[in-house]
Amino acid sequence: MSGVTRRDVLKLGGGAAAAGLGFPAVLRAQPKEVVMLGLWSFTGAFSDVGPVLDRGMKLALDERGMKVQGKPIKYITRDDETKAGSATRRAEEAVDSDGAKFIMGPWSSGVALAVSEVAKRKKVFHYFSGGTEDISGARCHRYSFQWAASPYTAAKTVVDTFMQANPKAKRWHLLVADYAFGWSVEKYVKEVGKGHGIEFVGADRHPLGEREFSNYVTKAAGNKPDVVVMINFGLDAVTGAREIFNFGLTPKIPLIMTWSSGVEELVQLAPEIRENLWVGSNFYYTADTPVAREFVKSYQAKFGNPPGYAPAAAYGMTRMTLAAMDKAKSTEVADVVKACEGLELDDLVGRMRVDPKTHQTLRPYFFMRCKKKDAMKGPMDFADIIATGSTPLPAEYAACKDIGSL
Amino acid sequence: MLYALMGIGLSIITGVLNIPNFAHGALFALGAYFLFTLIQLLGNFWLALLLAPLGVGLLGALIEYAGIRPLYKAGHDYQLLLTFGLSLIVTEGIIVVWSPVGMSQLPPPLLRGGVDLGITFYPKYRLFVMAAAALLVLGAWLFLEKTRYGAIMRAGIEDKEMVSLLGIDIHRLFTAAFALGCVLAGVAGALTAPIRGLNPWMGVDMLGIAFVVVALAGLGNLLGSIVAGLLLGVAQSLVALVWPEASVAVIFAVMAAVLLARPQGLFGIR
């Protein structure tokens, strides 16, 4: 007979049970991962922007050694395909299967509005940067935040500065992307324009992803405007600017790109097309702030060219989110949301404050004038910043009346 | 007219070689990129416009000789896979050599700006492209209809075995047909560059349209390709005036309508 007694067996069983019960406690003591989702367009109309957005977010996380509040950060990405249906599906999958609690993106305003609903339903933190005012306006809620300047701030900066430089250019023809972003910016360009006595001689809307602008430009030319104003983005803006030049409108009359990605669009246009081009943007790489200088330096060192608005937005949103976690001393969504409301710091584009009532990040907007070919000091020396403006949306326009509860 | 140029090129290749050339769009893009680089090197738009399509044609001859020819006996699926693979290789090659970032190519100084046509204002370069493409279509038509080699090519489309039995080197005919189709894709790409700019995926849309032209025309029908190309261009422009969102969809709507009424295409007999 072996020397194992009933008492020994019971001891072993008891020990094993104790170990089993204790194991979950050991697991709980481990630092839990903070899962952050970059919901970017790798296919579809904004597929060219997805990879640079990814770069921006990675840079911000790398700066922190992929850690926040003592916990490791797990960065995951999903392709939103620049479609609302795909974006919401991917976001829900990432939340349910991967435990994502913090969503950055997506890039398209229309797509982001759909993802914002997912954030509200799933109670996850969502930071977005884009031209629709609805995220911090009519469809505001506690879980979504807006990093880009308000369309009003943008319109005010662009229209006021341009009219100061060109007081006689009062016949404006607008070319507007026909979706949430275009409508928001158009509304305020017209509103601010009234104050300057601007006559809007035409306003054509084109679908997202338009590649044939000749009909729109023919109409614009027929209206004999003093200035053509585009409220579109990415390849739409590049294609439109090229066509306006081909028709001989620019550089004879100025062209304004109201809400541009900056570098990513300007690099695709020949210097001749950029002559007499005026550009509004949420970021330009010569922005003179300590954070921007460091960001531009490390981005250029890593990728060989200066960052435009897209990587800057991804970088900026991620930094704001991490700053909110630091302020909250927590990575729980509810704590981070509360900490982000009213968060105020000197960051990428200067002084930034998150309005707790609307979740709009109050911040400067940039207006540039492109340089002539012979004034450029290098191939990437596209423009000079001629103004920054940070006039917030006046209270009478604010559509976010009650941001609700968590 | 650019649609007609693409359609004729694809129609020749499809007709003579009996291969749906999925690389046709990528070769269109390559024509634009060759033009861009040649202008940088030579500083002359016109010389670049002449040489860029020839470069694409030479590459086409090489593709036929080294890639497609060994697969003639292997069957249709392999040729199809080859041209599809080539389209990916050419597109990725463009990204490696020229970068994925889009670029602009200006028209020559003589053709910059617009002219007032009385009823409308129109860019000089677009007028030039219309005229140049019309001349090229006419040239291709005359070559195929009035020259001996054109007759051989048409005969090749109709009955390859018979052409071969008549003592004509059918392999040389295949190489020439593929190269000619590629030249036409290259010239369409080069002419398009100052209008649409350049990006590695610029051929994707054009490939779809070229296939629509071929289907609409009737397989291998060259006159049909011209008519179908013009028809699609006019339909797209008219729809864009009243309903811009539908300007791409109308291409496929026209194709569906024609094929429902005439499954063999406008001019097809098979």
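Tutor: In this predicted model, start in chain B, where Ile12(B), Gly15(B) and Val16(B) of helix α1(B) meet Met153(B), Gly156(B) and Ile157(B) of helix α6(B). The contact residues split into four nonpolar and two polar, with no charged residue. Now step back to the two helices. Helix α1 of chain B covers residues 2-17, and helix α6 of chain B covers residues 148-158. Their axes come within 7 Å and cross at roughly 60°. That angle is why α1(B) counts as oblique to α6(B).

Next, turn to chain A and its sheet. Seven strands form an open sheet there, with mixed pairing. Read across, the order is β8-β7-β9-β10-β11-β15-β16. The edges are β8 (199-206) and β16 (383-389) of chain A, and each pairs on one side only. From one strand to the next, the twist averages 20°.

Look inside the sheet at one pair. Strand β10 (residues 255-260) and strand β11 (residues 277-281) of chain A pair in the parallel sense, over four bridges. Ser260(A) has Ser281(A), in β11(A), as its bridge partner.

Helices pack here too. Helix α6 of chain A (residues 180-194) packs on the sheet and touches β7 (171-177), β8, β9 (227-231) and β10 of chain A. Its direction makes about 165° with that of β7(A). Helix α8 of chain A (residues 235-246) lies across β7, β9, β10 and β11 of chain A. Helix α8 of chain A runs at about 175° to β10(A).

Notes. Residues are numbered from 1 along each chain as its sequence is written. Chains are lettered from A and ligands numbered from 1 in the order in which they are written. This is a predicted model: local features need pLDDT of at least 70, side-chain atom pairs count only at pLDDT 80 or more; totals for chains, interfaces and linings use all residues. Axes are lines fitted to C-alpha atoms, for helices over the stretch in contact, and angles run from 0 to 180 degrees between N-to-C directions. Angles under 35 degrees count as roughly parallel, over 145 as roughly antiparallel, 65 to 115 as roughly perpendicular and the rest as oblique. Two residues are in contact if their C-beta atoms, placed from the backbone, lie within 7 Å. Ala, Val, Leu, Ile, Met, Phe, Trp, Tyr, Cys and Pro count as nonpolar, Asp, Glu, Lys and Arg as charged, and the others, Gly among them, as polar. Two strands pair if DSSP finds at least two bridges between them.
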